[in-house]
Amino acid sequence: MREVRIDERDFADEGALGAYLEEELDLPAGSLVSLAALEGRLDGICEPTHVTIVRPIWNRATWFDKVSTVFERASGGNFYLTVDVNSEDPADSVEAHASAEAALRRLREGNEQYVGAHHANGDVSDELISRLFEEGQHPFACVISCSDARVVPEHIFMCGLGEIFCIRTAGNIVGPSELASAVYACAHLHTPLLLVLGHTHCGAIDAAMHGGSRGPVGFITSKISETIGEELDPLKAAEKNVRAGMATLSADRDLAALVDAGELEIRGALYLTHSGRVSFLE
Ligand SMILES: [Zn+2]
């Protein structure tokens with residue numbers, strides 16, 4: 001089996017990739033000047049060939065999107081061609097891009113993919129499990145979200161193991177346990193981004209807006225009621241609840257020190273349950 005590995009980071013443009021593939025696939029020099037030319041050539045492969053395409057998690061090039069598509073389409077019709085598209089090891093990317101700005105970009109890109117996807121594509125491979133076991137976790141973001149079964153941060157942002165330090169409570173409230181968990185993630189694991197992720201059609205907020213609950217659940221609804229006051233608009237109430245969580249986190253001495261040192265950003269967002277999109281608050 002002929003093995004061909006294409007790492008997106010090795011190629012500046014179509015021409016550079018074409019020259020590399022001409023050699024790897026035994027094609028005449030100058031025959032792969034464009035992706036359109038490549039598409040025609042892949043049908044003619046009759047030596048068993050396995051292509052691995054590696055894409056960075058960060059800073060993916062738009063032109064390279066077509067490369068994956070061309071190979072995947074061709075492999076469907078060519079018996080001799082098999083293709084895997086993998087993401088680079090997330091632990092590497094975190095070390096290389098440990099900033100809140102990069103983390104936010106990663107979340108935005110992941111959510112873009114999620115909105116059009118049928119399956120989550122986070123890395124849960126044996127290799128990654130082993131590596132995380134040996135090297136420990138280096139999540140790039142800490143996310144406090146609602147426990148609502150529709151609001152699953154790893155899916156929403158297309159993340160795999162070891163990428164998001166996730167704290168979930170009904171109504172994404174920030175009480176003592178959530179605050180302590182967030183401080184652990186940001187101060188000890190050095191996550192550069194702390195995101196409070198609320199959502200639309202939240203049952204906890206709805207309950208708080210309609211008189212609250214009794215018993216143990218009342219702890220959550222009364223905490224939400226304190227922050228949303230008399231608000232009657234569910235969307236505005238959800239946003240107020242997120243901002244209250246952000247304020248609680250910002251008031252913590254350890255987290256505030258990290259923010260002041262430029263090592264942490266605290267942000268808020270709302271997950272729109274009807275579309276799957278995440279709207280980041282300014
Ligand atoms: Zn909820």
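In what order do the strands of the open sheet stand, and is the pairing parallel or antiparallel? The 3 strands run in the order β1-β2-β3, and the pairing is parallel.

The model is predicted: local features need pLDDT of at least 70, side-chain atom pairs count only at pLDDT 80 or more, and totals for chains, interfaces and linings use all residues. Residues are numbered from 1 along each chain as its sequence is written.

**View 1. The open sheet, β1-β2-β3.** Strands (E, at least two residues) and helices (H or I, at least four) are DSSP runs, numbered from the N terminus. Two strands pair if DSSP finds at least two bridges between them. β1 (2–7) and β3 (81–87) stand at the edges with a single partner strand each, so one side of each has no neighbour in the sheet. Neighbouring strands are turned by 15° against each other on average, direction ignored.

**View 2. β2 beside β3, with α3 packed on the sheet.** Strand β2 (residues 49–55) is joined to β3 by 7 bridges, and the two run parallel. Isoleucine 53 stands opposite valine 85 in β3. α3 touches β2 and β3, and its direction makes about 145° with that of β3. Axes are lines fitted to C-alpha atoms, for helices over the stretch in contact; angles run from 0 to 180 degrees between N-to-C directions.

**View 3. Helix α1 and its buried face.** Leu17, Gly18 and Leu21 are buried in α1 (residues 14–24). Seen down the axis, the buried residues of α1 fall within an arc of 100°, so they line one face of the helix. That arc is taken from the directions from the helix axis to the C-beta atoms. Buried means 20 or more other C-beta atoms within 10 Å of the residue's own, exposed 12 or fewer, and partly exposed in between, with C-beta atoms placed from the backbone. The buried residues of α1 pack against α2 (35–42) and α3 (62–77). Contact requires C-beta atoms, placed from the backbone, within 7 Å. Aspartate 26 follows α1 with a positive phi, near 55°.

**View 4. The exposed side of α1.** Gly15, Ala16 and Glu23 are exposed on the face turned away from the buried side. Alanine 16 has 11 other C-beta atoms within 10 Å. Alanine 16 and valine 83 are 67 residues apart in sequence and 20 Å apart in space, C-alpha to C-alpha.

**View 5. Helix α10 and its cover.** The buried residues of α10 (217–228) include Ile220, Ile224 and Ile228. Their cover includes α9 (203–209) and α11 (234–251).

Technical notes: Two residues are in contact if their C-beta atoms, placed from the backbone, lie within 7 Å. The expected span of a helix is 1.5 Å times one less than its number of residues.
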